[in-house]
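Visitor: Could you take me through this model slowly, and tell me what each term rests on?
Guide: Gladly; let us look at it together and set each value against its definition.

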Amino acid sequence: MSSQSDRKVFIATRVANENVDGWLKDHAVVVDGEKIDSIVPKGQLPSDVADTSDVFDLGDVSLLPGLVDAHCHMHCSATVDAQALALTEDVQRLTMRAVTAMRKAVLAGTTTIRDLGAMNEVSFPVRAAVESGAIPGPRMLLAGTPITITAGHCWFFGTQADTTAEVISAVRNQVRLGANVIKMMATGGMFTPTANPRKPQYSAETLKAAVQEAERSGVQIVAHTLAADGVQNCVEAGIHNLIHARWYDQDPDGELDYRPDVVKQMADQGQWVDPTIGHHLLGVQTRDDEGLPAAPVHWAVSNKVIGDEAHVELMMKMLDAGVRFTSGLDMGMPHATHDMSAANAWSYVEWLGWSPWKAIHTATAATAEAVRVGDIVGQIKPGMFADLAAFTGDPAQNIRDLRIASTVVQSGRVLKLNDRDLV
Ligand SMILES: [Zn+2]
């Protein structure tokens, strides 16, 4: 793409305003190099603009900031057997999966991704290759391997640490490898038969030591938690973002154990939650539309299977209490393909009753803020990186029009134009 000139102009019928909560009609985004220079009404472009810039008149599309997804597993297959593959495939095969998945993600319009668990041997080299321009992919914030107990949730990704001292060493090792974020597994998870989702894997004290170590190194720390005891530990420890934040009771016959006082503290501390319900929506849709089997139910929760509705009800309570949600699909888990970040926004509108603009704002500016890149991406604003995604139709009217982008621009470089892949 060396033929692309430094100055580019993207014209669209609908361009998201700076706050990502309304349209500018018939506007042009002027890009200089990697950054956005200005946003002007189409009619105010100089008459000789085509002499000085590459002009892309995208027509009747909705131009948004590139989507930001806070929860990816780049080397996981998104198939029902994702766990078996992650457990048995070699590094070379997993790397090929990751390369393919990251191309798919960016060409769908997701220009920034936070990966919350992939092998160190896969994720750091893939990011280096993307940054050097060797392969296409989103801007990446990486955890590398998650930190888990021996035989704990996703132990096969590579880092097992049991004691507080081992956890501190593991945090330091991830920082040394280039992690921007530390991922802790605060409870077991559905993906790992040997890890009980209803039980904590670490005490609040150990999580707190990990938070202090991450903060000392200036990196974010997030934790997977499915159980009420795990959520409480994450809140007490000051974990920056909670992933899933489900409320399973520790009793195998129990249901959910919502704790309003813990949620109040979570909101007061500004802890963001990634509820991963876009993933659940895709699961339901795949079962209903395509007749594919659901992912198997984990033995530890099988005594009492809790439907999505019960979890969604508690999410509404968390929102009412002032907790903010990120857009994070859990890409790579069964049914959550790497091109479907838009399903987060669908679930917020269709299951939580949000306005489309609130969902679009969360899929862009709000999640950029939550993953600490809100000063460089997530809005169409002068000075920000020119990461843009155009969608056919109007997602502010119909959220399902947010799907696969027809045009994608990353750091001013056109990766896809009018449904044609250029990389
Ligand atoms: Zn995950």
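Guide: Two strands are said to pair if DSSP finds at least two bridges between them, and strands here are DSSP runs of E with at least two residues, while helices are runs of H or I with at least four, both numbered from the N terminus. This is a predicted model, in which local features need pLDDT of at least 70 and side-chain atom pairs count only at pLDDT 80 or more, whereas totals for chains, interfaces and linings use all residues. Residues are numbered from 1 along each chain as its sequence is written.

Visitor: What makes β1 and β2 a pair?
Guide: Strand β1 (residues 7–16) and strand β2 (residues 23–32) share nine bridges in the antiparallel sense, and the definition asks for at least two, so they pair. Within this pairing, Ala 12 stands opposite His 27 in β2.

Visitor: Why are β3 and β15 called edge strands?
Guide: The open sheet has eight strands in the order β3-β2-β1-β4-β12-β13-β14-β15, with mixed pairing. Both β3 (35–41) and β15 (420–421) are edge strands, as each pairs on one side only.

Visitor: Why is Asp 339 counted as buried?
Guide: A residue is buried if 20 or more other C-beta atoms, placed from the backbone, lie within 10 Å of its own, exposed if 12 or fewer, and partly exposed in between. Asp 339 has 21 such neighbours, and therefore it counts as buried. Asp 339 lies in the loop between α10 (308–320) and α11 (342–350).

Visitor: Which residues does Asp 339 touch?
Guide: Leaving out residues up to four places away in sequence, Asp 339 touches Lys 104, Ala 105, Ala 108 and Ile 404, where contact means that the C-beta atoms, placed from the backbone, lie within 7 Å. The C-alpha atoms of Asp 339 and Leu 107 are separated by 7.7 Å, although these residues are 232 apart along the chain.

Visitor: How do you know that α3 has close to its expected span?
Guide: The expected span is 1.5 Å times one less than the number of residues. Helix α3 (residues 91–107) has 17 residues, for which 24 Å is expected, and α3 reaches 24 Å from its first C-alpha to its last. Among the buried residues of α3 are Leu 94, Ala 98 and Leu 107, and what covers the buried residues of α3 includes β6 (110–115) and α4 (120–131). Gly 109, which follows α3, has a positive phi, near 110°.

How values were computed: Contact = placed C-beta atoms within 7 Å.
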